[in-house]
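Here is a short report for a reader meeting this structure for the first time. Keep the sequence and the model in view while reading.

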Amino acid sequence: MMKSLMHFAWAALLLLSTQAYAQKVITGVVTSQDDGNPIAGVNVMAKGTSTGTTTGTDGQYTLSVPPSATTLVFSFIGFTTQEVAIGDQSTISVRMVPDVSQLAEVIVVGNRGGVQRTITDTPLPVDVLSVKELRSTGQYTFDKALQYRVPSFNTVQTPVNDATSLLDPYEIRNMGPSRTLILINGKRKNFSSLIYTQTSPGRGETGVDISAIPTDAIKRVEILRDGASAQYGSDAIAGVMNIILKDNVDEGLVTVRTGITGEGDGGLFGLSLNNGAKLFGDGFINYTIDLSKVGLANRPGTVDAEGEASDFGADINEVRAFLAKKPDAGNINGSPETTAAKFLVNGGFEISTGSDLYFNAAYVYKKVNSFANYRTPYWRPLSDYPYLDDFFGDENGNYVGYVPTFDGDLNDYNGTIGLKSSRNGWNTDLSLTVGGNQQLYTVRNSHNRNTLGLRNPDTYLGDVNNNGVVDSNEIVQGTLKYLENSPITFRAGGSRFNHIVGNLDVSRLLTDNFTIAFGSEFRSENYETIEGDLASYEAGGADSFAGNSKENSFKSNRYNFGGYLSLGYDITESFLIDATGRFENYSDFGNAFVYKLSSRYKIAGDKMIIRGSYSTGFRAPSLHQIYTQKAQYSFVPGQGIQVSGLANNVSPQIRLLQIPQLDAEKSKNLTVGFGANITDNFTFTVDYYSIRVEDRIVLSNEIGPSGNAANPLDQILANNGIVSLSFFTNSLNTITNGIDVVAGYRRLGLGAGQLSFNLAGNYTMKNERDGDAENPPIIAAAGQSVIDETQEALIFTSRPKFKAILGVDYSINKFLFTLNNTLFGPTKFRNAGMDSDLGIEFKTKVVTDVGIQFQASPRLALSLNVNNVLNVLPEWKFVAMNPNGESILNDSAAVKVQSNLITFNQRYATMSYDGFHFSQLGTIYNFAVTLGF
């Protein structure tokens, strides 16, 4: 009897145990209450447990829950979170209710943990811009639209247009173009192959050609205004810009654009098509084709005869006679002619339950036609070049000088293919990205000025004396080829960059308040300098733009591997902390370890937040900075255009001067801010930031002899035939801090319409060198420095001290009226050649844009934008740095001399030769017709 009872007890215990640990399988579909469409990516959690999953592209889910689970929680950004009792149900389907306050606020950038967050929910400051906001600016290219929507973003065309005309340098928080990481759908976009070497903002750096991205292909843009090297690796010191592409399938748009400046030049014509279709059931494909041509806009100044005669040693009467016919000395400067064709596709589809294949690709061709400074007859006289009247005569055969042209051909491409899957609560993303940029340069209407002729390979030693001229003692034998044989068109070579990037990202919501993410990245980069025609570089090369010589043209490569771990913990519903660490190894300079800590605390529910972060970061020296070597034409005040040399970081010349190998920049970022949702319609955020950069890479000044033959620097230069050279070096520590403010009020009723306001501003409190420049010992001993006042101004004060944007939108019936005012604060320069007791300052200005959109029918919209409606132009003034400067400003003749020095005798009267803070083109009219289908 006892034995039977024992057997019964053990059997009952075993049965109870089995029942206790039996998993219950629940399935269902999640759809939207608005349209009944399935919702992908919804988090489905068993409340109070670590069990969860996400819905697939068809909205379906399958989840095994323990018997102790009583409730399922369904959550997704843009929808109200729902809790459903499990009970005896094995199928639970829900229709989620949209939360209007969260719509269009989903952010991806800066978050590797797999939990979607809104702008006011994230611990990091993020701007989110829709394509509607970008198009409302009336600006045709993506980069210029950002200029008038994001206060911390600045870009403007450079005064001198050769290679730089292919893409204008941009920057966030005055940190240069190379310290902002650009992503396409969360994947790294390739660099341009161009490195800026002119004396202009962005000097010595390279960036991504964001102007090549068609605006009509963009769904939204997320700009993380915080350091993010721990999440993304190199280049994210100032922030990250993530461009999310359109994925819609139910609407196609054809847009025809046309425009012209108030001066009647710079004509624009553009045609854009964006369309989508379903792919393999519930998948999608969306594509964009954008074709455009923008004409030349010319804004030369009236050239000063006395300055010309002094600079070129010319007869004043000859100069005046020429300027009487051509008051602008024939110069063409402003905005170059640009033709572009842009193609982009974005798509994805489900390949099995819980697994999606995605892809995107883009190709851009851009051709730019710009001009060098006009070579006047007294600048390039017939007495020096007697054959020029055969090449550059007028209709009567009289020599009138010539204007060299610069043609740039740019090809840019990128593509990504990836696989996302969700299984047992784990989210994985495996992707491969390729991208590249090639630029080829052609100089026309010019010549090679070698006084003895172009090289015959069998008879030529080379410019051994390195004086820019082939002297007779440098010819070994044979017959010279005289300049009459010089071509007038030169293929000057170019540059090429490409990368291959592999990413693996894994994340999971371990519990309803704890997330983990980890991943790795492998990247291979290739950079190549493309050799030009022999005549384009030999003995000084083509007049205006020297081509790449054979000695300066080569290929380079490197690779890096990195991994990261990110943890997020919601201590309470209000208190969040995130931590991320990253390790990277580069094949050329070694290792880097960085980390980031961030937190957010909500007050009064979701009405107010306090947030902050601290991170370390790094930026690897680009291959461009390590290996670029070239001859560079530059304007030298009082001497016209001169040729100088740029030696790369691995050259023998650099080793002779004991310049160390380039190392990574290192940064420390601190951000503290708060935000509030005062009402459903009114939000604002305020963020303070501080960025310290150590070992910042700069392109040095021209380093030449000190004049003391006993000095080691002079001896090294003389013994190796070096006249002067510049180079890249880690020589600066910098500190940048400021405040960002963003506020918006939406949907305020006014009469029969609705009024919306937005105000955004950036104020730079400090942007300066932290300590003395670190000069190589040989250069310091010669009393020289790698950086001077001109370079410091380009780095620290060439962008607005402050910038604010106030926008007002009013919609009524079929009309939308927009008014935007952009306040550009002062920018300051210390132009080369100008008296050191003076500086120049561009005055604070407000640019006003107005727009009208008329929705003629559900599928037809007409829009007119007048940008800079008040025709406000940049305006600068001299600023005295000390009493000596005051004395100069009190002498009108001395002021004229200084003005001529920095504007090339008034050729660049509006903007000076180094730069300015907003477009000098004045009023621009743009009209667009959009047809939906």
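Ser355 has its bridge partner in strand 22: Ser421. This is a predicted model. Strand 21 and strand 22 (residues 405-423) run antiparallel. They are joined by 17 bridges.

Strand 21 also pairs with strand 20. These two strands run antiparallel as well, with 15 bridges between them. Strand 20 covers residues 337-352, and strand 21 covers residues 355-371. The table lists both pairings.

| Strands | Direction | Bridges |
|---|---|---|
| strand 20 and strand 21 | antiparallel | 15 bridges |
| strand 21 and strand 22 | antiparallel | 17 bridges |

How many residues lie between the strands in the hairpin of strand 20 and strand 21? There are 2. In this hairpin, Gly354 takes a positive phi near 85°. As a general point, side chains in a regular strand alternate between the two faces of the sheet.

**Helix 6**

Now turn to helix 6, residues 316-325. Which of its residues are buried? They are Val319, Phe322 and Leu323. Seen down the axis of helix 6, these residues fall within an arc of 95°, so they line one face of the helix. The general rule behind such a pattern is simple. An α-helix has 3.6 residues a turn, so residues three or four places apart point the same way.

The buried residues of helix 6 pack against helix 5 (305-312). The face turned away from the buried side carries exposed residues: Asn317, Ala324 and Lys325. Asn317 also takes part in a contact at the start of helix 6. There, a side-chain oxygen of Asp315 reaches to within 2.9 Å of the backbone nitrogen of Asn317.

**A loop residue**

Ser486 lies in the loop between strand 23 (426-444) and strand 24 (490-511). Is Ser486 buried or exposed? Its relative accessible area is 5%, and buried means under 20%, so Ser486 is buried. The C-alpha atoms of Ser486 and Ala542 are separated by 9.3 Å. Along the chain, these two residues are 56 residues apart.

**The whole protein**

Of its 933 residues, 56% are buried. Take the contacts between residues at least 6 apart in sequence: 70% of them join residues at least 24 apart. The accessible surface comes to about 37100 Å². Carbon and sulfur atoms account for 57% of that surface.

Methods: Residues numbered from 1 in each chain as written. Predicted model: local features only at pLDDT ≥ 70, side-chain atom pairs only at ≥ 80, totals over all residues. Heavy atoms only, no water. Pairing = 2+ DSSP bridges. Helix = DSSP H or I, 4+ residues; strand = E, 2+ residues; numbered from the N terminus. Buried < 20%, exposed > 50% of the residue type's maximum accessible area, 1.4 Å probe, protein only. Contact = heavy atoms within 4.5 Å. Areas by Shrake-Rupley, 256 points an atom, 1.4 Å probe, with all protein chains shown as cover. Arc of directions from axis to C-beta. Polar contact = N/O pair within 3.5 Å; in protein donor to acceptor, adjacent residues only side chain to side chain.
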